[in-house]
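Hi there,

Here is the structure I promised to pass on. Have a look at it first, and then read on for what turned up.

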Amino acid sequence: MYDRAILRIMTDKPYRKNVGMVVFNSLGQVIVGERIQFPGSWQFPQGGIDENEDYLEAAKRELYEELGIKKAIYVTEYPDWIPYDFPNSLGLNSHLQKFRGQLQRWILFFWDGTLEECDLVHHEQEFLTVQFMEIQDTIQSVVEFKRAVYEKFVPLFKSAIQNYIAENSKSK
């Protein structure tokens, strides 16, 4: 009976609107960060969408806050919102405890900067470090409870990255 009550409380909670950003370079590699609270796991930057904030504006703001990147070029986005639930074991801060999980919109950006140009500490630091990775490798590098989300958008973004690089190498 106790478990059912907990389950009902969890499912009555809303999802927090969130945006995720995939940033790739001219080699087709993507930037991932090692989250402070999940050492050894690598993920894309993501963050909450403020009230009355457009999700694209939120993506640009979060990209700057988490990585210090200002001049990324919008390429495309995953066409749907993707939900995921927080695992019970996560130990959420008080702000996130009122949510069941997150409802994410994923945006793909091109940026040909270097990792040294990333500023991880000018805002509230979320990543210990960042690295470039092949996009298909990110599915296995992310914490397990986010893998199903990555499995949805990674194939579309992999194709979009290849197309963007092919189109832009012709014009040079």
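The backbone nitrogen of Asp50 lies 2.8 Å from a polar atom of the Glu53 side chain. Before going further, please note that this is a predicted model, in which local features need pLDDT of at least 70 and side-chain atom pairs count only at pLDDT 80 or more, while totals for chains, interfaces and linings use all residues. Residues are numbered from 1 along each chain as its sequence is written, and side-chain values use heavy atoms, with hydrogens and water left out.

Back to Glu53, which sits in the loop between β4 (46-48) and α2 (55-67). Helices (H or I, at least four residues) and strands (E, at least two) are DSSP runs, numbered from the N terminus. The Glu53 side chain also makes a polar contact with the side chain of Arg61, at 2.8 Å. (A polar contact is a pair of N or O atoms within 3.5 Å; within protein, one must be able to donate a hydrogen and the other to accept it, and residues adjacent in sequence count only if both atoms are side-chain atoms.) Leaving out residues up to four places away in sequence, Glu53 touches Gly48, Ala58 and Arg61, where contact means heavy atoms within 4.5 Å.

Asn52 is found in that loop between β4 and α2 too. Its phi is near 65°, a positive value in a residue other than glycine. Most residues other than glycine have a negative phi. Is Asn52 buried or exposed? With 80% relative accessibility, Asn52 counts as exposed; the cut-offs are under 20% relative accessible area for buried and over 50% for exposed, with partly exposed in between (1.4 Å probe, protein chains only).

In helix α2 you will find Glu57, which is partly exposed at a relative accessible area of 45%. Glu57 and Trp42 are 15 residues apart in sequence and 24 Å apart in space, C-alpha to C-alpha.

Next, helix α4 (residues 147-170): its 24 residues reach 34 Å from first C-alpha to last, close to the 34 Å expected at 1.5 Å a residue. That expected span is 1.5 Å times one less than the number of residues. A kink of about 35° lies at Phe153, shortly before the proline Pro155; the bend is the angle between axes fitted to the seven residues ending there and the seven starting there. The buried residues of α4 include Phe153, Val154, Phe157 and Tyr164.

Enjoy exploring!
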